[in-house]
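Please have the sequence and the model open while reading.

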Amino acid sequence: MESSPDSKHVKDRVEEEIESIDQDELQMQSLGYKQQLHRGWHLVESFAASFCALNFIGGVRSALFLGLLAGGPAAIWSSYLITLVFMCITAWVLAEICSALPLSGSIYIWSAESAGPKYARFFGFIVAWWSCTAWMTFVAGNCQTTANYIVSQLAVWEVDFPGGVSNDNVKWRALIWAISEGLLVLSIAINYLPPRLYSAIFKFSVFLMMLDFFLCVIWLPIGVSKTYGFRSAKDVFTQTYNGTGAPAGWNWILSFLFTAGTMTGFDASGHIAEETKNARIVAGKGILSSAVATGVLGFVTAILFLFCTPDLDTLFALDAPQPFVQIYAMALGKKSSIFMTIIAVFGLMLNTSIAVVAASRLVFAVARDGVMPGSKWIGKVDSEGQPKNAVTVIYIFAACLLCTILPSQVAFYSLVSAGGVPTIAAYGLIALLRFTMTPNEFKSSYFFLGRFRRLFYFVTVLFNGLIVAVMLSPFFFPVNALNFNFACVIFGAVTVFGVASWYFTPEEKWLRPELVAQALKASEQPPVA
């Protein structure tokens with residue numbers, strides 16, 4: 001009895017997946033690691049890991065006001081186009097090395113291997129500290145951002161809060177803290193779902209963000225046309241503004257704090273590479289496709305919001321912790337603003353949960369190599385191949401970080417503001433090391449840049465170096481104790497910790513030279529047929 005075409009197709013598909021898993025495991029073995037995590041995700045999940053961690057709609061909506069203060073509408077759209085181009089180049093540089101080294105904790109391993117055997121441990125330690133700091137502080141910061149959306153409904157409905165809506169009011173800070181901690185618990189709880197169920201979370205997150213986007217594209221303009229009216233094209237494309245007090249040129253450049261901030265985090269696809277089938281190709285595609293999609297959709301969203309926000313005087317007079325909630329109320333009505341707030345809150349919660357996926361795989365990878373206190377427990381995976389203990393570590397760290405809201409909101413903002421710097425710095429450092437130390441390595445990569453590689457490395461170094469300078473710069477001038485940007489202090493301290501860890505940790509404990517050399521040699525071999 002002959003099999004039907006459908007059954008033959010299913011059989012071929014199963015055989016292809018088995019072969020893919022075998023090739024993935026063989027590649028891991030050649031790099032010096034064995035398969036511990038489950039491996040059942042595909043391109044959709046790889047794309048969603050970065051696309052949802054970036055969260056273009058939430059990022060643009062939350063930080064648009066920073067861009068308006070720094071240069072105004074003209075700076076926003078022009079800086080966004082520049083950021084889109086150079087961040088996609090950066091994504092290609094990362095996709096190139098990800099294809100050669102598709103491992104969890106990817107970004108610090110990429111840095112180590114890019115430096116070559118002699119300096120691998122030094123740069124690996126530094127970037128491990130950078131990336132862990134970045135992803136773990138992002139989780140806490142995103143919970144507080146989400147809480148701001150919720151409490152902004154108090155301003156919409158003109159509800160008086162005891163002591164006033166101010167960060168100087170300890171009761172207000174306690175409310176923000178309590179809500180943030182509750183949101184953190186919910187976001188973490190989602191991460192304890194089995195991997196096969198979490199695949200649905202990835203897909204639903206993409207759906208929810210696109211629903212949010214289309215509601216803004218369709219519903220918001222209708223509401224604006226019936227209320228306060230659109231901004232003119234002249235305002236959107238030519239109006240400038242200096243709300244930072246910085247010199248005119250630097251004020252404009254500070255707009256990159258907004259544009260680059262919305263496109264930072266596409267390395268998440270690399271962090272789940274060990275859980276992705278055919279990771280050599282799929283993880284890199286996830287990095288590239290999410291960067292392009294986020295950049296294009298983020299730019300469209302920024303232009304849309306510039307047309308749909310009220311004039312700058314009205315905009316800067318809004319007093320809610322998240323002014324966009326008040327904009328929804330002005331354009332759509334108070335009741336409709338609740339619906340849009342719910343969509344935004346759920347989107348940010350899923351955004352946080354997916355960031356925890358990336359962060360936990362990073363922590364797992366560091367623990368797997370044995371350098372972290374409690375490494376044996378942290379690096380343990382459950383029967384379904386999931387690093388739940390690493391997820392718990394992320395929760396403990398983020399919950400403790402949120403507690404700094406209680407004594408001082410400034411202290412919390414300072415800690416969180418430094419979160420984006422290490423990731424951008426790592427992007428630039430990898431490109432710098434590829435340009436100077438290993439420009440002719442990793443030619444077996446599926447995304448090998450060929451003769452354009454030195455140009456790509458060079459412009460990636462320059463652009464990400466500029467963004468690091470922007471993120472470390474004071475945002476308001478003249479600088480005083482109240483508006484000093486402590487990101488430079490925190491970033492410096494984290495770097496010192498990384499150097500100290502490298503100095504005091506024996507070679508046989510973490511990133512052993514022979515393991516680095518083995519991975520570098522294996523990455524040069526052609527893929528298994």
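Predicted model: local features only at pLDDT ≥ 70, side-chain atom pairs only at ≥ 80, totals over all residues.

**Valine 470 and its setting**

Valine 470 sits in helix H21, which spans residues 453-472.

*Surroundings of valine 470*

- Valine 470 has a relative accessible area of 1%, and because buried means under 20%, this residue counts as buried.
- Leaving aside residues up to four places away in sequence, valine 470 touches Trp250, Ile253, Leu254, Phe256 and Leu257.

*Fold and overall dimensions*

- The protein as a whole has 23 helices and two strands.
- A compact globule of 529 residues would have a radius of gyration near 24 Å, and the 23 Å of the protein therefore agrees with that expectation.
- Along the principal axes, the C-alpha atoms fill a box of roughly 65 × 65 × 45 Å.
- Among contacts in the protein with a separation of 6 or more, 85% are accounted for by residues 24 or more positions apart.

*Burial, surface and charge*

- Of the 529 residues of the protein, 58% count as buried, and valine 470 is itself a buried residue.
- The accessible surface of the protein comes to about 20,900 Å², with 68% of this area belonging to carbon and sulfur atoms.
- The protein carries 33 positive and 33 negative side chains, and the centres of these two sets lie 2 Å apart.

Conventions. Residues numbered from 1 in each chain as written. Heavy atoms only, no water. Helix = DSSP H or I, 4+ residues; strand = E, 2+ residues; numbered from the N terminus. Rg over C-alpha atoms; globule rule 2.2 N^0.38 Å. Buried < 20%, exposed > 50% of the residue type's maximum accessible area, 1.4 Å probe, protein only. Contact = heavy atoms within 4.5 Å. Areas by Shrake-Rupley, 256 points an atom, 1.4 Å probe, with all protein chains shown as cover. Lys, Arg positive; Asp, Glu negative; His and termini not counted. Charge placed at Lys NZ, Arg CZ, Asp CG, Glu CD.
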